[in-house]
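Here is a colleague's note, written for someone who is new to reading protein models. Please keep the picture open beside the text while you work through the points.

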Amino acid sequence: MRNSELIMVVLLLAVLSLCITNSLACNEREKHALLRFKQSVTDPANLLSSWSLTEGCCGWAGVRCDNVSGRVFELHLGNPEDSGTSTLVGKLSPALLELEHLKFLNLSLNNFRGTPIPSFLGSMSSLTYLNLWGASFGGLVPHQLGNLSSLRQLYLGGNSGLYVDNFNWISLLSSLESLDLGWIDLHRDIHWLDYVSQISSLSELYLPHCQLNNMISSQGYVNFTHSLTVLSLPSNNFSNDMPNWLFNLSSLLVLDLSDNSLVGQIPSTISNLHNLNYLNLSVNMLIGRIPENLGLLSNLVALHIGNNSIEGTEVNFAKLSKLKTLGIHLTSVVFNVPRIVGTVPKWFWMWASNIQTIYLGYIEISGNFNNLSGEIPESIGSLFSLKALHLHNNSFSGGIPLSLNNCTVLGLTDFAENKLTGNIPSWIGEKTHLMVIRLRSNEFFGDIPQQICRLSSLLILDLANYRLSGSIPRCLNNISAMATIPSAIDDKFSTLKFSIYLGYQGSYLGYREDLILSLNLSRNHLMGRIPENIGGMKYLESLDLSHNHLSGEIPQSITNLTFLSYLDLSYNNLSGRIPSSTQLQSFNALDFIGNPELCGAPLLKNCTENEGPQGDENVRLRKIMVLYWCGNWIHSGLLRSLWCASMQESMEACLLQVP
C-alpha cells in the first residue's frame, strides 16, 4: 500500500512541477530589466512580441526561468532563421546586468551594427555560455571577458570587424571547454598559442580566418594535450613546418590546417593521432612522400591532402577501412590497381566499398585504374556507396563503364577533359539520384539519349565541346529539378556537397555548395530547333547552346527563365526576333552574335514588321501555297515538276533574304 502511495506522490509532484514551469512568477526587477533590453533594440519580425507588462516574463519567448526560484537563467535570442528579416537590431543594454543568475546568453546572428562588445558582459559572473557569433559586432574584444571564470562555451566568431590586441585575458577562462573566434583578427599577439594552451579544460578550438602567422609555442608544449578533441585553424597565414606539439594531442578527433602555407613533409609522428576521424591538410605547400604509417589512422572517415606537392601510393590508404571521403586532387598520388581481368587486391574491394566521395582530378595515377592513357575499369562499379566521382582533367580513354550502374546512390559524375569515346550510354537515365553530369571536352559522338530526361534530380548537365549531333531532346523540360524550387532539391541531398569546376563565362568556378542549375550543350553539331518548352525549366540559371547548328526562332517560352544569369546562343543559325523580356535584353549582344538572321535588342540589327513570330508564320503560309500549287500540277510532267522544285528553292531562298 505504501508503495502505491509513494508512486502517487511522485506523479503528483511531477505534474505540479510542469504546472509551476508554465506559471512561474518571475522576478519583477528582472522583468523590467528585460523590458529595458527590448527598448534598446528594434524587432522587425516581432520576435519579442510576447514581452509585455501583462505577462509573466517566464513565459516570454526565449526566456527560461529556474523552476524553483523563478529567476531568469537562460536567454535564447539568437536569430532562428539566419536571415536579415528576423534579426534584432541595435545595441546591448546594461540592463542585462540585473539578470544576476543568468547562465546562458545567445544573441547570435543578430545585427548590432558594428558596435563594440560591451565590457559590462565581463561582470556577468554567472555566465557559463556566451554566444555572439555573427552578430555584427566590431572593434576591440574587451579584456573584461576574462573575468567570466565560470564560462564553458564562448562563441565570438563570424564578426569580421572584431580584433584582439592582447590574448592574455583568454588564459583566465579556466573552465572553458569550447572557443570559437573565427574571422576575428588575432595577428597582433604572436603569443596567442601560449595563452590558449594554458586552458587545460579546452576541448574544441575554432580559429579559422584569423590572420594568425605562427603555430610556435615558446614553452615547446601545450597544456591541452589530453583534452583537445577539435583543432580547426584553416585559412590563416602559417608558413612553417607542422609543429611537434601537434602530434602529442592524443585525444584529437578533428584536425583542419587547410588553406595555409605549411611547408616540409607530413611527419611520421602523425600516426600518434590515432583517434582522428577528420584530417584536412589540403591547399598547403607540403612536399615529399606521404608517410606509410598514415594508414595507422584507422578511425579516419575523411582525409583531404589535395593541392600539395606530395607523393604516395595505394599503400598509404589500404588500411583506412572507415574512410568515406578521400581528397587527393592536384597531388602525385599513384594507384597501382590491376585491370579487372587480373586479380584486384582484397584490400581495394573492402576499402572501396565504403567510399562515398573521392576527388581524383588533376592527378597522375598509374595502372589501369585511372591511367592517364588507359580505360576506366569495370571494377569501379564496386564502389557501391559512391556519391560523387571526380575524374576530370586526366587522359582516360574508352567508354563510360557499364558497372557504374551498380552505384545506386551516385549523385555526381565528372569525366570532363578526358579522351572518352563512344555514345553517351542510355542507362544513365536510370540514375535518378544524379544531380550533376559533366562530360565536357571528350570525344563522345551520336545523339543525346532521350533517357536523360528521366533524371528528375538533375541540376547540372554539361555536355559541351565534342561531337554530339541530332537535335536537343524536347523532353528536357521533364527534368523536374530544373523546374522546382532549388531548396527543395538541395534538402533531398543535404548530405552531398559537390566540389566541381564548371566552365562558366570563359573561366572555372571553384568549390561551390550553392549549385547553379546549368545546361551546357555548346560546341557540338546539334541541329534543329531549340525546344519550344525550354521555358518549363524555369529555375535554370545558366544556359549555353553556342557554337552549334541550331535553327529557327528563339522560343517565346525562354522569357519564363527569370533566374537566368548566364546565356550564350551565339554562332548558330537562329533567325527572327529575339523575344522581349527584361531578362533577355539585359544580356550582351555577344551572347547572340553569329546568327545572321537574328534581330532585335540587344543586337543592333532592327527587325522589320514581318520578322518575329507573325512574320515567320507568313513565310510558312507562302511555302505551303507553293507546295500546294506544285502538287496540283505535278501531272503536267517531269519538266513542270523540275520547274516547281526550282521555283520552290528560289522562293525559299528569297524568303530567307527578307530583311
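Predicted model: local features only at pLDDT ≥ 70, side-chain atom pairs only at ≥ 80, totals over all residues.

Which residues form a nonpolar patch on the surface, and about how much accessible area do they have together?

1. The patch is made of Y571, L590 and I593, which together have about 290 Å² of accessible area.

2. The protein has eight helices and 36 strands, and buried residues make up 50% of its 659 residues. Its accessible surface comes to about 29400 Å², and 54% of that belongs to carbon and sulfur atoms. If we consider the contacts with a separation of 6 or more, residues 24 or more positions apart account for 57% of them.

3. The next topic is the disulfides. A disulfide is a covalent bond between the sulfur atoms of two cysteines. The count in this model comes to three, with a sulfur-to-sulfur distance within 2.5 Å as the rule. One of them joins C26 to C57, with the sulfur atoms 2.4 Å apart. This pair links distant parts of the chain, since C26 is in the loop between α1 (2-22) and α2 (28-39) while C57 is in the loop between β1 and β2, 31 residues apart. Both ends count as buried because the relative accessibility is 10% for C26 and 0% for C57.

4. What is the handedness of the disulfide of C58 and C65, and of that of C599 and C607? C58 is joined to C65 at an S to S distance of 2.2 Å, and the torsion about this S-S bond is about -100 degrees, so the disulfide is left-handed. C599 is joined to C607 at 2.0 Å, and here the torsion is about 110 degrees, so the disulfide is right-handed. As for burial, C58 is buried at 13% relative accessibility, C65 is buried at 9%, and C599 is buried at 0%.

5. Side chains of opposite charge can pair when their charged atoms come close. The structure holds ten salt bridges, and one of these is between R29 and E98, whose closest N and O atoms are 3.4 Å apart. R29 lies in helix α2 and E98 in the loop between β4 (89-90) and β5 (104-106), so this pair ties together parts that are 69 residues apart in sequence. R29, at 46% relative accessibility, is partly exposed, and E98, at 21%, is partly exposed as well.

6. A further salt bridge brings together the side chains of E311 and R289, at 3.6 Å from N to O. E311 belongs to strand β17 (residues 309-313) and R289 to strand β15 (residues 287-289), so to read this pair is to read a link between distant parts of the chain, 22 residues apart. E311 is partly exposed with a relative accessible area of 40%, and R289 is partly exposed with 49%.

7. Are D462 and R440 buried or exposed? Both of them are buried, and they form a salt bridge in which the closest N and O atoms are 3.3 Å apart. D462 lies in strand β26 (residues 460-462) and R440 in the loop between β24 (436-438) and β25 (443-446), so the pair ties together parts that are 22 residues apart in sequence. Salt bridges that share partners join D414, E417, R438, R440 and D462 into one network.

8. The last point concerns the backbone. Most residues other than glycine have a negative phi, and most peptide bonds are trans. A cis peptide bond joins A601 and P602, with omega about 10 degrees, and P602 is placed in the loop between β36 (597-599) and α7 (613-632).

Technical notes:
Residues numbered from 1 in each chain as written. Heavy atoms only, no water. Patch = residues over 30% accessible without salt bridge, like charges linked within 9 Å, V, L, I, M, F, W, Y side chains within 5 Å. Areas by Shrake-Rupley, 256 points an atom, 1.4 Å probe, with all protein chains shown as cover. Salt bridge = Lys/Arg side-chain N within 4 Å of Asp/Glu carboxyl O. Helix = DSSP H or I, 4+ residues; strand = E, 2+ residues; numbered from the N terminus. Buried < 20%, exposed > 50% of the residue type's maximum accessible area, 1.4 Å probe, protein only. Contact = heavy atoms within 4.5 Å.
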